[in-house]
Amino acid sequence: MATTTLNPAAPAYRSALYEWLTTTDHKKIGIMYLINSIIFFLAGGILALIVRLQLVIPKDATTIGGLVSPEFYNQAFTMHASFMLFLFIIPILAGFGNYAVPLQIGAPDMAFPRINALSFWLLPLGGALMASGFLATGGAAASGWTEYPPLSGAKFNGPGTDLWIMGLTLIGTSSILGAINFLVTIFKMRAPGMTLFRMPIMVWTILVTSVLVLMATPVLTSALIMLFIDRNYGGHFFDPANGGNAILYQNVFWFYSHPAVYIMILPAMGIVSEVLPVFSRKPLFGYKAFVFATVAIGALGFSVWAHHMFTTGAVFLPFFSLMTFLIAVPTGVKMFNWIATLWRGKLTFSTPLVFATGFLTMFLIGGLNGAFSAAVPVDFAIHDTYWVVAHLHYVLFGGSVFGVFAGIYYWFPKMTGRMLNETLGKLQFLIMFIGFNMTFFPMHQLGLAGMPRRIADYSASAGWTDLNIVATIGGFTIAASILPFLWNVLVSLRSGRIAGDDPWEGNTLEWATSSPPPPYNFDHLPEIRSERPVFDARHGQAAAH
Amino acid sequence: MSMPPRSRTGSGPLLAGLIIVMVAAVAVIVLAAAGATPQSVWDSFFPVQGVTPATDRSHSTKSLYDIVFYIAVAVFFLVEGLIVFSVFRYRRKPGDDELPPQIHGNNVVEVIWTVIPTAIVAFLFLLSWQTLNTVDAKVPTDVHVRAVAQRFQWSFQYLDGPSSDANVLFTQVIPVGNDGGMFIPVGKPVQVDLLAKDVIHAFYVPKFLFKRDAVPGKLNTFDFTVDEAGTYRGQCAELCGPGHGAMVFDVHAVDQATFDTWFKAQVAQAAATPTPAASGAAQGPVVDLAAQNISYSTKALQAPADTPFTIDFKNDDTGVPHNVAIKDASGNEVFKGDIITGPAEKSYDVPALKPGTYTFVCSVHPTMTGTITVQ
């Protein structure tokens, strides 16, 4: 034909739903990461409430304590941990990375936008697969989130465990793809002037986290596949009766899962390191030391995995004890850097800073109670007791989750163009802080009193009842603190105060564009001569030094 | 250099202080109402309420715990004090738009707060290594027990020597109670070998400040000496399935003479041919009871008073031993059925009982209980 009738470019109208489902915009993907993670946070929280109700009093006292069967109880705590670790904390931090990293380095998007969308969409898929275990014969995975064989073998657990393995493999694949994407973005797409040592700490923590993911997650995947083969195809990797080794799984699993602890905390440290300088109106104290401490934590994180296995009798104890103690040093450096950032600043207690100081306080406890386990003989006493439950929640809830909420309150204005309500935010913090400490502080004492983890019931004569009642009340207090948060988000989306480009007087490049930023982020960039380009633009070079 | 202006304005600090005081007050009232004393609260921060631990080597663990605890508490108050001080001291005044001094770092303090923590953790590492050598020390032992862990019970095989292929003299099947559990002579070194038959378990006695995993395919061995006579409750500490919480055991540390008597009786009993079970026809009314998943099928039974009756007991737990024992209101055992390993069935002939409420319990799993109303 001589002429081709060209459809004039269709007016770029697509339904908002279609737009979100097909987007490759890192900001929309980042927000979807957050929403998906919050949904699993709520699901994991409900499972945690079941766990707390089950334990509130011993079963023989009355039937309230025996809310669910021991079988379901084991599924509840297994899936609680699996949701919280793999589908809430890790992805929500990756979501913040997705949202913030391209903005903070002055890039238009991630390096591989479609792979970015793929790594997000693997998450709800993997999560649904994992959660579908509840519908399977015998219920969901029930051997703890660590899924140690032989207990996780086909002899003792049904197809729920296979669904758990498949779901987690997809989630791991999502992490690996995301990590490659972050690394390429950070190394290849920084704006002119954005040298490595001018990158915001948030970007540094995502960089180190991505290296950890890239090195550790394939190892987890290999453990999961070996477990799957053992369960379904007659493999004997972990079966001692046929030349396998049950401890091998623990070594491989923790070679991933200890670095995973840093995957779960480093970006939260990054968020806090963004929030503290902005709300103190000072630069981060000891920027380079902070970067080196982050790298040191990442490196040391690969040499401490066996401290989860001190009581197996299959570990060279002094080495792992030493490395575990040593990791306290870079962590301590960070703590002092944060405090020195507050020191002599001019602090504005907006909700992000309130959550960030909550992070400092709770993470301090989570670091100190971890030192007890590094002392091997003390670990012999407290390992697999409620002490460990207290420790990990002080790190991952008191640390990571408080950091996550600091991040939500900090970047919500940038994401939506509207401010969250300050009063509701502080109310949430107050209830959550009290509830958190009520729940988890008594677990130190329970562990010292000899209460093991993962038991569905205990004797009334054990003397553990009072503290369990306190912990359960605290658990419901935490649940109550989520209500003002959800209300806050819903109300503020419609009628929150208009944020403007830079409501906090921020330091980093995301505050140099509109809220929410346009597609491809920037119309123009300020000059980048330090790690605080927006601060420099606001105050001029003179003030920075 | 002039100090930045102080902020005393705004209701924020006042409100925060008020909330802290209120929460602290509520906590103190609740603690007092629950009968806690300052001493008992303090003790709860130490293993097993701060009691003297029971074994020779756990004393050094306790000392190590104390040192780590005091250092951790000191560091907590120092660092937390700095955080709280900064939060209250360096608040921004409303309308104060002046920038605070832009301090990027200070090499001297950064070196100090790197070196001091390094020194502290190096000290703690050396101390815990030294303690570890005490805790893990091997000594010549008098008594050799193989603790056998399987879902969901412990049994204890007494061996004729320390080597892993020693002969079994007898097996203590019942893990808890006055005639169950692991008997050892007080003040004598004991060697325990851990054997796991199915999944990973862990031998954990809180008052020993010690646990060790029982891993299929791996022999874990440890030594200890109990200092003081008494009964010490232990429990599985590695998730092993739905009955994990029911997997308890007792360690009875008794004087040498009592131990010898018990030991000889057990050896003799194991050597004797088992008496054939009385097969007489069931007498009186029959009560049905089953055990499954480390739990009885019912929590409440009825039985007639003053007449013998029969319990038809069905154990549906494959490979797991159960029985039915009946205790009166004061805890005395009035009947104890033979332990059977499931799947199996057995009829227990129970003698006549006086009217009243009794409890029935599994001798192997003391968390399996119910009440039996005799009227």
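Biologist: Is the crossing of α3(A) and α6(A) left-handed or right-handed?

Modeller: The crossing of α3(A) and α6(A) is left-handed, a label used if the near helix is turned anticlockwise from the far one by less than a right angle, with right-handed used if clockwise. This is a predicted model, where local features need pLDDT of at least 70 and side-chain atom pairs count only at pLDDT 80 or more, while totals for chains, interfaces and linings use all residues. Residues are numbered from 1 along each chain as its sequence is written, and chains are lettered from A and ligands numbered from 1 in the order in which they are written.

Biologist: At what angle do the axes of α3 and α6 of chain A cross?

Modeller: The axes of helix α3 (residues 70-104) of chain A and helix α6 (residues 201-232) of chain A cross at roughly 120° and come within 9 Å. Axes here are lines fitted to C-alpha atoms, for helices over the stretch in contact, and angles run from 0 to 180 degrees between N-to-C directions. Helices are DSSP runs of H or I with at least four residues, strands are runs of E with at least two, and both are numbered from the N terminus.

Biologist: Which residues make the contact?

Modeller: On α3(A) they are A:G97, A:A100, A:V101 and A:Q104, and on α6(A) they are A:M202, A:V203 and A:I206, where contact means that the C-beta atoms of two residues, placed from the backbone, lie within 7 Å.

Biologist: Switching to the chains, how many residues of chain A are in contact with chain B?

Modeller: In chain A, 80 residues are in contact with 76 residues of chain B.

Biologist: And what is the secondary structure of chain B?

Modeller: Chain B comes to five helices and 20 strands. Its radius of gyration is 29 Å, well over the 21 Å that the globule rule gives for 375 residues, so chain B is more spread out than a compact globule. That radius is taken over C-alpha atoms, and the rule is 2.2 Å times the number of residues to the power 0.38. The C-alpha atoms of chain B fill a box of roughly 100 × 55 × 35 Å, taken along the principal axes.

Biologist: Last one, is A:H393 buried or exposed?

Modeller: A:H393 counts as buried because it has 21 C-beta neighbours inside 10 Å; the cut-offs are 20 or more other C-beta atoms within 10 Å for buried, 12 or fewer for exposed, and in between for partly exposed, with C-beta atoms placed from the backbone. A:H393 is found in helix α13 (residues 386-416) of chain A, and, not counting residues up to four places away in sequence, A:H393 touches A:G398 and A:F440.
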